[in-house]
Amino acid sequence: MKFIVAFAALIALALAAPADDKEAQVLKYDSNVAVDGYSFQYDTSNGIQHQETAELKTFGEDASALVVKGSYSYTAADGQTYTVNYVADENGFQPEAAHLPKA
């Protein structure tokens, strides 16, 4: 499952990248998959960094789900580096970043 999430994230970043970034290379990739969660981290030659961890959380006797925490950063066309920290849990996806509007 972790592989699928990481692969989907890499594909999404590749598709969203400007034309200059299509030749970016993965410089670092680490991953760990366990029965009760996963973690991964990667860095690319165009400055993209992404790290994520997930742990299985039990809700009562019958329900359980992964609680995911992570962050990613990238350098935009304006030359500024943007970082997004996020949590995805029973309350949904919750991103936080200086450039995102606050509720």
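Which residue takes a positive phi in the hairpin of strand 2 and strand 3? In this predicted model, the residue is glycine 47, whose phi lies near 90°. The hairpin has four residues between its strands, and strand 2 and strand 3 pair in the antiparallel sense over seven bridges.

Strand 1 covers residues 26-34 and runs antiparallel to strand 2, with eight bridges joining the two. These two strands form a hairpin with two residues between them. Within this pairing, aspartate 30 stands opposite glutamine 41 of strand 2. Strand 2 itself spans residues 37-44, and because six of its eight residues are buried, it is largely enclosed by the rest of the structure.

Attention may now turn to the charged side chains. Side chains of opposite charge can pair when their charged atoms come close. A search of the whole structure finds two salt bridges. In one of them, the side chains of lysine 28 and aspartate 30 meet at 4.0 Å, N to O. Lysine 28 is partly exposed at 34% relative accessible area, and aspartate 30 is likewise partly exposed, at 40%.

The side chains of lysine 57 and glutamate 90 also meet in a salt bridge, at 3.2 Å, N to O. Lysine 57 belongs to strand 3 (residues 49-59), whereas glutamate 90 lies in the loop between strand 5 (81-89) and strand 6 (92-96), so the pair ties together parts that are 33 residues apart in sequence. Lysine 57 is partly exposed, with a relative accessible area of 34%, and glutamate 90 is partly exposed at 45%.

Notes: Residues are numbered from 1 along each chain as its sequence is written. This is a predicted model: local features need pLDDT of at least 70, side-chain atom pairs count only at pLDDT 80 or more; totals for chains, interfaces and linings use all residues. Side-chain values use heavy atoms; hydrogens and water are left out. Buried means under 20% relative accessible area, exposed over 50%, partly exposed in between (1.4 Å probe, protein chains only). Two strands pair if DSSP finds at least two bridges between them.
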